[in-house]
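Thanks for coming. I have one model to go through, and I will take it piece by piece.

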Amino acid sequence: MTDRTKRAGGGGWGAAVWIAGAFALLAGLPWAASGRLPERVATHWSGEAPDGWMPVWAASLFPALIWVVLALGAVLMARRANSAPIPSWAGAALAFTGVFIAGTQASIVRANLDRTDWREAGSTGLGIVLTSVAALAAGALGWIAGRRGELPSPAAEAGEGTSMEIPAGERFVWLSRTANPWLHLIAAITGVAALAAALAAACGLFTGMQWAVAAPFLLASVLTLMFSSVRARVTDKGLEVAFGPLGWPVRRWTPQDIESSRAESRTAAQVGGWGYRLSGLGTTVMLRAGECLVIHPHKGAEFAVSVDDAARGAALLNTLSTRRPE
């Protein structure tokens with residue numbers, strides 16, 4: 001297996017935006033609704049009835065500070081234990097904790113909305129249940145994304161060239177990954193904006209088409225994140241190109257589908273921009289300028305993906321495509 005992946009700092013930027021954005025949401029949500037909240041806000045419940053309160057400023061800052069302490073603690077532990085920007089366990093912890101605290105804050109604000117006294121606050125039971133489900137889902141996605149970002153150690157090296165010799169009884173696997181930190185940053189910013197709009201809607205701060213405010217930001221975040229990183233893998237089954245931190249969607253070609261493969265240097269200007277581009281050169285997944293793995297299928301236009309060690313991947317593909325299927 002070969003891997004000369006250049007690790008980008010997109011995960012670190014995304015984590016920073018997530019931490020800062022969640023802090024701003026936690027601190028800002030009660031202030032945004034302060035005109036519709038009592039001076040003292042119910043913050044603790046015993047069953048259905050509230051039995052504890054805080055002033056609005058404390059209800060804003062207390063959960064925000066708890067979040068910062070927990071988030072920075074997770075990041076510091078991750079940096080000491082793992083060379084990757086954000087390992088899987090830290091991504092899961094940040095996603096779960098951020099969504100849970102933000103959802104809980106939204107539930108508390110909604111329960112106190114338009115009340116004259118904190119003792120009249122409604123129940124947060126349903127909100128906490130929904131928040132717990134959303135937090136578990138976010139944590140699972142963070143774990144899956146982190147696991148896909150952890151690359152295995154190389155087990156074998158393949159020679160450079162247009163093709164390579166594979167000894168009888170052995171199998172070679174080539175793997176490379178590229179990420180664009182700027183696209184990660186855009187995805188994180190639009191994701192925080194979507195969360196802010198959703199929390200505001202859940203608190204009842206919007207009227208009418210309230211959820212339509214969050215939808216464009218959510219769509220932009222998902223699409224940007226989906227095409228902000230790519231993983232290319234060559235095995236005896238052919239070429240597999242997986243997109244995004246979850247490795248979906250995926251494009252596949254068998255060795256028999258590919259006429260030839262090569263490494264070629266391309267720039268964003270040549271292919272019309274960044275991301276998934278269609279141009280006179282065919283389809284290019286352009287995440288950084290420079291070396292690309294380019295395949296020429298028997299049918300259809302060429303496909304290129306900007307990954308490191310493209311010459312080695314092309315050589316392995318050329319060897320596999322000349323083999324007869326077993």
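Trp-143 counts as partly exposed because its relative accessibility is 39%; on this scale buried means under 20% relative accessible area, exposed over 50%, and partly exposed in between, with a 1.4 Å probe and protein chains only. Trp-143 sits in helix α4. Helices here are DSSP runs of H or I with at least four residues, strands are runs of E with at least two, and both are numbered from the N terminus.

Before going on, the conditions. This is a predicted model, in which local features need pLDDT of at least 70 and side-chain atom pairs count only at pLDDT 80 or more, while totals for chains, interfaces and linings use all residues. Residues are numbered from 1 along each chain as its sequence is written, and side-chain values use heavy atoms, with hydrogens and water left out.

Back to the tryptophan. Trp-143 belongs to a nonpolar surface patch of about 560 Å², together with Met-77, Trp-89, Leu-141, Ile-144 and Leu-246. Patch members have over 30% relative accessible area and no salt bridge; like charges are joined within 9 Å, and nonpolar side chains (Val, Leu, Ile, Met, Phe, Trp, Tyr) within 5 Å. A salt bridge is a side-chain nitrogen of Lys or Arg within 4 Å of a carboxyl oxygen of Asp or Glu. Which helix gives the most to the patch? Helix α4, residues 125–149, with 3 residues.

Now the chain totals. The protein chain has 8 helices and 11 strands. Of its 326 residues, 48% count as buried. The chain exposes about 16400 Å², and carbon and sulfur atoms supply 63% of that; areas are Shrake-Rupley values with a 1.4 Å probe, and for residues only the protein chains shown count as cover. Among contacts with a separation of 6 or more, 67% are between residues 24 or more positions apart, contact meaning heavy atoms within 4.5 Å.

Next, the sheet. Four strands form an open sheet in the order β3-β4-β5-β6, with antiparallel pairing; two strands pair if DSSP finds at least two bridges between them. At the edges are β3 (174–179) and β6 (250–253), each of which pairs on one side only. On average, neighbouring strands of this sheet are turned by 10 degrees against each other, direction ignored. Helix α8, residues 310–322, packs on the sheet and touches β3, β4 and β5; its direction makes about 40 degrees with that of β4. For angles, axes are lines fitted to C-alpha atoms, for helices over the stretch in contact, and values run from 0 to 180 degrees between N-to-C directions. Inside the sheet, β4 (229–235) and β5 (238–243) run antiparallel and are joined by 6 bridges. Val-230 stands opposite Phe-243 in β5.

Then strand β10, residues 290–297. How many of its 8 residues are buried? The count is 6, and the strand is mostly covered. β10 pairs with β7 (258–266) in the antiparallel sense over 8 bridges, and Ser-261 stands opposite Ile-295 in β10. β10 also pairs with β11 (303–305), again in the antiparallel sense, over 3 bridges. β10 and β11 form a hairpin with 5 residues between them, and Gly-300 in the turn has a positive phi of about 90 degrees.

Last, some single residues. Ser-107 is in helix α3 and counts as buried because its relative accessible area is 11%. Leaving out residues up to four places away in sequence, Ser-107 touches Thr-124, Gly-127, Ile-128 and Thr-131.

Arg-119 lies in the loop between α3 (88–112) and α4. Is Arg-119 buried or exposed? It is exposed, because its relative accessible area is 52%. Beyond its neighbours within four places in sequence, Arg-119 is in contact with Arg-40 and Pro-50.

Pro-55 lies in strand β2, residues 49–55, and is partly exposed, with a relative accessible area of 25%. Pro-55 touches Glu-39 and Arg-40, residues up to four places away not counted.

Gly-35 lies in the loop between α1 (10–32) and β1 (40–46) and is exposed, at 76% relative accessibility. From Gly-35 to Leu-113 the C-alpha distance is 9.2 Å, at 78 residues apart in sequence.
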